[in-house]
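Subject: The structure I promised you

Hello,

Here is the structure for you to look through. Please open it beside this email, and then read on for what turned up.

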Amino acid sequence: MAKTLGLIGAGNIGSALARLAVAAGLNVVLSNSRGPETLSDLVAELGERARAATPTEAAQAGDLVVATVPLNTYQQLPAADLVGKTVIDTMNYYPERDDRIPELDAGEQTSSALVQRHLANSNVVKAFNNIDFVRLFTSARPAGADDRSALPIAGDDDLAKAQVAELLDALGYDAVDIGTLADSWRSEPGTPVYVQPYLPAQPEGLTDAEKWHWFSEASGLLVPADTVKELTDTAVRRSAGDARATLVQD
């Protein structure tokens, strides 16, 4: 089992993963594009198992490394420092935020395939991209729990996927292997397994402030492994350019 999780990106998803990792007894090395000093409050909250660093340092320190930055910055990931490592890609393509990426709009590639192309000497595994950051943290359960949910993973290397499945287990989730990076579109925005199965229906008539309060406080729904498999198996591919940003942001 990995002892140190490196995080390139410390936004909503990255922070949730850091909290889960520390709770699971892992060390975490956090980084973002603004500098280690901007992470002092989060590191203080996480305690002695956490430290802030640069993206290069986080890449070098992690036994496993999570890339959780806006997709339009994936080419800034430090490829040379990630050689030989398993890199977990949590990123999604949101055209409204990322601008248009022709290969994705045309359905010629998945976003994870682009990340793998940039990180040619690493093993990229898609994970943690289909659940919102609140439920990611609050729905984690110990192994064997009756109400434990599952998350899909995809990748081209079986050993790398096994490492990521082991991490998911430690953090509180079962893993469902949905195939290669070419298959990773099955968990992208707009697919049946994306966000909504984990989130209860929002009450009608809420103000914007009430919607945010509800989103922050709503309990997650159980999504077991067989449901994840069914949802991903029945997904129908459409142009990634048709995806629209939702409550989840990377």
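A residue is called buried when its relative accessible area is under 20%, exposed when that area is over 50%, and partly exposed in between. Please keep in mind that this is a predicted model.

**Helix α10**

With that definition in hand, look at helix α10, which covers residues 225–233: its buried residues are Val-228, Leu-231 and Thr-232. Seen down the axis of α10, these buried residues fall within an arc of 95°, so they line one face of the helix. The face turned away from that buried side carries the exposed residues Asp-226 and Glu-230.

**Helix α8**

Which residues of α8 are buried? They are Ala-160, Lys-161, Val-164, Leu-167, Leu-168 and Leu-171. Around the axis they cover an arc of only 115°, which puts them on the same side of α8. Asp-158 and Leu-159, on the other side of α8, are exposed.

Helix α8 has 14 residues (158–171), and at 1.5 Å a residue they should span 20 Å; the C-alpha atoms at its ends are 20 Å apart, which agrees.

Both ends are worth a look. At the start of α8, a side-chain oxygen of Asp-157 comes to within 3.1 Å of the backbone nitrogen of Leu-159. Just after the helix, Gly-172 has a positive phi of about 120°.

**The largest pocket**

Now for some empty space. Rolling a probe the size of a water molecule over the atoms shows where such space is left. The largest pocket holds about 360 Å³. It is lined by 17 residues, and those closest to its centre are Gly-9, Asn-32, Ser-33, Val-69 and Pro-70. Sorted by class, the lining has 8 nonpolar, 7 polar and 2 charged residues.

Asp-99 has a phi near 65°, a positive value in a residue other than glycine. Phe-128 also has a positive phi, near 65°, and is not a glycine either.

Where do they sit? Asp-99 is in the loop between α4 and α5 (102–105), whereas Phe-128 is in the loop between β6 (123–126) and α7 (133–138). Asp-99 is exposed, because its relative accessible area is 53% and the cut-off is over 50%. Phe-128 has a relative accessibility of 2%, so it counts as buried.

**A buried asparagine**

Asn-92 belongs to the loop between β5 (86–89) and α4 (95–98). Is this residue buried or exposed? At 0% relative accessibility, Asn-92 counts as buried. Its side chain reaches the backbone oxygen of Asn-129 at 2.8 Å.

Thr-138 is in helix α7. With a relative accessible area of 40%, Thr-138 is partly exposed. Thr-138 and Gly-179 are 41 residues apart in sequence, and their C-alpha atoms are 27 Å apart in space.

The loop between α7 and β7 (150–155) holds Gly-144, and Asp-147 is in that loop too. Gly-144 counts as exposed at 71% relative accessibility, while Asp-147, at 36%, counts as partly exposed.

How far apart in space are Asp-147 and Val-223? Their C-alpha atoms are 8.3 Å apart, although 76 residues separate them in sequence. For Gly-144 and Leu-20, 124 residues apart in sequence, the C-alpha distance is 17 Å.

Ser-216 is partly exposed, with a relative accessible area of 26%. A polar atom of its side chain lies 2.9 Å from the backbone oxygen of Trp-212. The C-alpha atoms of Ser-216 and Phe-133 are separated by 9.5 Å, while the two residues are 83 apart along the chain.

Enjoy exploring, and write back with any questions.

Best wishes

Methods. Residues numbered from 1 in each chain as written. Predicted model: local features only at pLDDT ≥ 70, side-chain atom pairs only at ≥ 80, totals over all residues. Heavy atoms only, no water. 1 Å grid on protein atoms, 1.4 Å probe; cavity = no way out; pocket = protein on both sides within 12 Å on 5 of 7 lines; lining within 4 Å. Points joined across faces, edges and corners; volume = space filled by probe spheres on them. Nonpolar A, V, L, I, M, F, W, Y, C, P; charged D, E, K, R; others polar. Helix = DSSP H or I, 4+ residues; strand = E, 2+ residues; numbered from the N terminus. Expected span 1.5 Å × (residues − 1). Buried < 20%, exposed > 50% of the residue type's maximum accessible area, 1.4 Å probe, protein only. Arc of directions from axis to C-beta. Polar contact = N/O pair within 3.5 Å; in protein donor to acceptor, adjacent residues only side chain to side chain.
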